[in-house]
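Subject: Structure handover

Hello,

Here is the structure I promised you. Please open it next to this email and follow along.

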Amino acid sequence: MKQYVVTRPLYSEDAFADEHEKIHRHHKTLRHHVKQYFTCDLKRAKNAALSLLPFIGWMRIYQLKEWLLSDIVSGVSTGLVAVLQGLAYSLLASLPPWYGLFTAFFPVIVYFFLGTSRHISVGAFPVLSLMVGAVVTRLVPDEGPPVNITGFEGLTIDEQRVMVAASVTFLMGIMQLAMGLLQVGFIVMYLSDTLVSGFTTAAAVHILVSQLKFVLGLVVPGLSGPLSIVYTLEKIFVQIEKTNVCDLVTSILIMVVVFIVKEINDRYKAKLPVPIPIEVIMTVIACGVSYAFNFRVNYKVDVVGRIPVGYESPMGPNMQIFGQTAVEAFPMAIVGFAVAFSVAKVYSVKHDYIIDGNQELIAFGASNIIGAAFKSFAASTALSRSAVQESTGGKTQIAGLLSALIVMVVTLAIGFLLEPLPKSVLGAVVIVNLKGMLMQIREVPYLWRRDRPDCVVWVVTCLASILLGLDLGLAVGLGIELLTVVFRAQFPRCSVLANITGTDIYKDRKDYMSIYEPEGVKIFRIPSPIFFANIDFFRGKLVEAVGFNPLRVLRKRNKALRTIRKLLKKGELQMTSKGLLLISSGPIEESEDESNMEELDQPTDFKDLPVQVNWNSELPANIHVPRVDVHSLILDFSAVSFLDISALKGLKAALKELIRVEVEVYIVACDAYILKKLHSCMFFDDEVKSSMFFLTLHDAMLHILEKHPVDSENTKVCEKVITTATIHGNQCNGVSSLRSRDRFVHVSEPETKF
């Protein structure tokens, strides 16, 4: 085994600072940062342009011969999938199918210029589509009149729904754009992988239930709000006997075939040049069969129907709808960005380039604003579509641009070919693509075994999102997640450390057999910041670690001193060489004077007594003071990252209580910025001194052993320690104690150096 030996002086923080001069670093002021932010030169202007238009950066390095063919193949493949998913996800948004084609076109064009990811496919995302659908059905329900909104007059129900979807998408885009300009892309960090997993699993359940009406060929009104999924299932099962057998058989056939081929794609993806576009193939076949057998007339199958040729004229958002949908738009903005950024980050790591979260917010915000103006609904990225774009060889967003061109061709020229397509086929395709999200439920057993608070976040987020709706469920999940963070910080796992014999390493005394604990020394570690919420917990755990309440001991001692002074004054007690000698034989009444409690909390004062009282010796009858067997306490601050003002006050009070009962306190491995804050906040005084801070835990232990040599009468051997610091002259006259868990082992040693 490799070893190392270092000989150096024993350092307290003060000693180290005296011996080693620090570099003085000039910290920039707020004024300097503001001035620098608004300073403009040619270099900053160039960087700003490249940042705002990232496509310039990768277009300059575009390798035409090597990348163009791959981008063309990828663009065509992705475009075909985008057409199908656009039609399918429009049903989730409770809109006519062709509006999904708009979502697969306009946002892609905008993202080409503003986005930093080269591989994600922008367009409809099922979770966002479902959230849009919830807003649409709330304001324009299938049954009953719509909400009274100016601008709905004279519009059909589909036109009203398009206005709602476009307006909420516009508002969502404004929120994303504002967050990007304000540089708050970090907000996505508050959505943990566990929360997103539980949320998307719940969304998959909602999507599955919403597609059952198409698969079964039933007429079920769209519902939104808490327990909407329960009411939807109720309406489905009430009329289950009305199931359209043709829709059901078609859906099952589509799902089985697509599922099998997708599994083949996954298993043999290394051997296949491109994944088999089974959804597109089955859609084409279904269109042909439906047209040939006239499913709409002969079997009463609900089909896509008329798809208008070309694009509709742009429209402005309805401001009244903004007020009605602001609460839903914000979680949509967060979820859309979080999912897209997560996927983009995966591909950026895989292909070794950098993405900018704030620029992504700007890109998606602009995409949704411009897309909403042309009647598309909320856009993000679909995992399956992005996987197609990347796995078919896509190198840049040229592939995305070509996929948009494919969608444009369908919209302008060949959209009529999709008119006989049964909606049950679209529903079946959507359900099959939910496999990845639904299988996330397998994470629950793993989380339960590894991290139960995270498991609670997953389960609560999933259940709340299923029962209360996606918007409220996300809020509940975020609240539970923040509570777990607070819980972990407020109630950290504190521990008492001990020396691992033969080393300068200190670990939790409960975890190791062979440990060395000098008598009268306690080492306490708190692995968390100390702040207003956990300072009381910290003090409580500290009392448990030392085994006594220092404030109670201090008050008992001061009460005992009052009694001793009274007895001395009456002549009933004398000071002798052996200690306090009681002269009278009558019982002694302990002082119960509580008139001035503040005096009891002050340091014990022996100035008017001939000798100092030894509190651990035997005292006269009826004078009871708790025994304190700890003479030194080491606080390991290596994991303490900050202290707030409340914590400073609480810590200082705790230190004073310990010092006043003659316990020497040492703080080790304290962060330099915390030390600086302690000095600036006037933390130190005549009792709490800066000399109590030591560089390392072992430095403090060696200092204690030098100051309090091991008592040769109580132990037989001094444990030999391999140490990184040698203190010459600190010997225990050949004796010390080695504690192996709860038993003492005695070993003879001629000499020990610490």
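Start with Asp 352. At 71% relative accessibility, Asp 352 counts as exposed. The cut-offs are simple: buried means under 20% relative accessible area, exposed means over 50%, and partly exposed lies in between (1.4 Å probe, protein chains only). Asp 352 sits in the loop between H15 and helix H16 (357-373). Its phi is positive, about 60 degrees, although Asp 352 is not a glycine.

Before going on, some ground rules. This is a predicted model, where local features need pLDDT of at least 70, side-chain atom pairs count only at pLDDT 80 or more, and totals for chains, interfaces and linings use all residues. Residues are numbered from 1 along each chain as its sequence is written, and side-chain values use heavy atoms, with hydrogens and water left out. Helices (H or I, at least four residues) and strands (E, at least two) are DSSP runs, numbered from the N terminus.

**Another positive phi**

Lys 375 is in the loop between H16 and E2. Its phi is near 70 degrees, a positive value in a residue other than glycine. Is Lys 375 buried or exposed? At 16% relative accessibility, Lys 375 counts as buried.

Helix H17 covers residues 383-391. Its buried residues are Arg 385, Ser 386, Val 388, Gln 389 and Glu 390. They pack against helix H5 (64-92), strand E1 (122-123), helix H15 (319-351), strand E2 (380-381) and H18. After H17 comes Gly 393, with a positive phi near 100 degrees.

Now look at Ser 74, in helix H5. Ser 74 is buried, with a relative accessible area of 0%. What does Ser 74 contact, leaving aside its neighbours within four places in sequence? The list is Val 388, Gln 389, Thr 392, Gly 393, Gly 394 and Ala 399. Contact means heavy atoms within 4.5 Å.

**Two helix pairs**

Two packed helices are described by the angle between their axes and the distance between the axes. Axes are lines fitted to C-alpha atoms, for helices over the stretch in contact, and angles run from 0 to 180 degrees between N-to-C directions. Angles under 35 degrees count as roughly parallel, over 145 as roughly antiparallel, 65 to 115 as roughly perpendicular and the rest as oblique.

Take helix H10 (residues 193-216) and helix H22 (residues 452-468). They pack at about 30 degrees, with axes 8 Å apart. That makes H10 roughly parallel to H22. The crossing is right-handed. A crossing is left-handed if the near helix is turned anticlockwise from the far one by less than a right angle, and right-handed if clockwise. Among the H10 residues in the contact are Phe 199, Val 205 and His 206. On the H22 side, Asp 454, Trp 458 and Cys 462 are included. The contact residues divide into 8 nonpolar, 7 polar and 1 charged. Here Ala, Val, Leu, Ile, Met, Phe, Trp, Tyr, Cys and Pro count as nonpolar, Asp, Glu, Lys and Arg as charged, and the others, Gly among them, as polar.

Next, helix H7 (residues 106-114) and helix H18 (residues 398-414). Their angle is about 160 degrees, and their axes are 9 Å apart. H7 and H18 are therefore roughly antiparallel to each other. This crossing is left-handed. Val 108, Ile 109 and Phe 112 in H7 meet Ile 398, Gly 400, Leu 401, Ser 403 and Ala 404 in H18. That contact has 6 nonpolar residues, 2 polar and no charged.

**Two last residues**

Met 437 is found in helix H20 (residues 435-438). Met 437 is buried, at 8% relative accessible area. Not counting residues up to four places away in sequence, Met 437 touches Pro 126, Val 127, Thr 200, Thr 201, Ala 204 and Ile 207.

Tyr 446 is in helix H21 (residues 443-450). At 47% relative accessibility, Tyr 446 counts as partly exposed. The C-alpha atoms of Tyr 446 and Leu 561 are separated by 60 Å.

Best wishes
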